[in-house]
Amino acid sequence: MSAMTAEGRTVITIDGPAASGKSTVARLLADRLGIAYVSSGLLYRAATHVALRSNVELTDEEAVVTLLRSHEVALEPDPSGNRVRVDGVDVTAELHTDAIDVAVSTVARHARVRAWVTERLREVRGSFVIDGRDMGTAVFPQASVKFFLTADPEVRAARRAGERSGELRQVAERLRRRDEQDARQSAPAPDAIFLDTGPLTLEEVVERVLQDVRAALPLGAVER
Ligand code: C5P
């Protein structure tokens, strides 16, 4: 693992399945390090939002990509949670719904949608912590430190049930289906540090991740 990317900045990737805790951990880690937090999933959710709103066939890659190119989609990294604007309008509050959860994997499967998201993420300047599925593999293979968070399906379903509507069984089934559909882009990087978040509290996960970051990066490289 190199301490810095080629551009002389620090990029820390946190990949893992839905509800593994990656976005909360990524946000807290970024805050502790005093660098930006970037959510890649939010761009896939924004693409899905635009597609659902326009009634294009989600399986029609050409139509989805053409639609995306006709809108200005901007991701604004923010320590308290990222915001997304579509043509200047903040749509963030509409991106974590059951409808988007169910549709997002279909949109994310298209290679040209993935290229569109990757393009946007590579435009982000400076140091940051970023979460997703393929951040340490396809998007930032030169990242400074890479993590892959896991947790048992039951643990993840219980967590997600607290955030979404529906019974635990239904939430678990939706997660299982999304895992299956996301499997292709979710292989861990060979040099990622694995962490099972199931038996740990959030504070313990953040402490463990911080320890690994301190061990991997030169003293004082990023911490404030
Ligand atoms: O991380 P989050 O649950 O918000 O991601 C939403 C969806 O976006 C995932 O289920 C997946 O289909 C897609 N995604 C992806 N690659 C990423 C991040 C998210 O395919 N790096």
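1. Start with strands E3 and E4: in this predicted model, E3 is joined to E4 (residues 83-86) by four bridges, and the two run antiparallel. If you want a spot to look at, valine 73 sits opposite valine 86 in E4.

2. That pair belongs to an open sheet of three strands, ordered E3-E4-E5, with antiparallel pairing. E3 (73-76) and E5 (89-90) are the edge strands, each pairing on one side only.

3. Now for the helices. The axes of H3 (residues 61-69) and H5 (residues 111-122) come within 8 Å and cross at roughly 25°. Angles under 35 degrees count as roughly parallel, so that is what we call H3 relative to H5.

4. Who makes that contact? From H3 it's Glu61, Glu62, Val64, Val65, Leu68 and Arg69, and from H5 it's Ala111, Arg112, Val113, Trp116 and Glu119. Sorted by class, the H3 contact with H5 has six nonpolar and five charged residues, with no polar ones.

5. Last up is H7 (residues 153-161). Which of its residues are buried? They are Arg156, Ala157 and Arg160. Looking down the axis of H7, these buried residues fall within an arc of 100°, so they line one face of the helix. As for what they meet, the buried residues of H7 pack against helix H8 (168-182).

Terms used:
Residues are numbered from 1 along each chain as its sequence is written. This is a predicted model: local features need pLDDT of at least 70, side-chain atom pairs count only at pLDDT 80 or more; totals for chains, interfaces and linings use all residues. Side-chain values use heavy atoms; hydrogens and water are left out. Axes are lines fitted to C-alpha atoms, for helices over the stretch in contact, and angles run from 0 to 180 degrees between N-to-C directions. Angles under 35 degrees count as roughly parallel, over 145 as roughly antiparallel, 65 to 115 as roughly perpendicular and the rest as oblique. Contact means heavy atoms within 4.5 Å. Ala, Val, Leu, Ile, Met, Phe, Trp, Tyr, Cys and Pro count as nonpolar, Asp, Glu, Lys and Arg as charged, and the others, Gly among them, as polar. Two strands pair if DSSP finds at least two bridges between them. Buried means under 20% relative accessible area, exposed over 50%, partly exposed in between (1.4 Å probe, protein chains only). The arc is that of the directions from the helix axis to the C-beta atoms.
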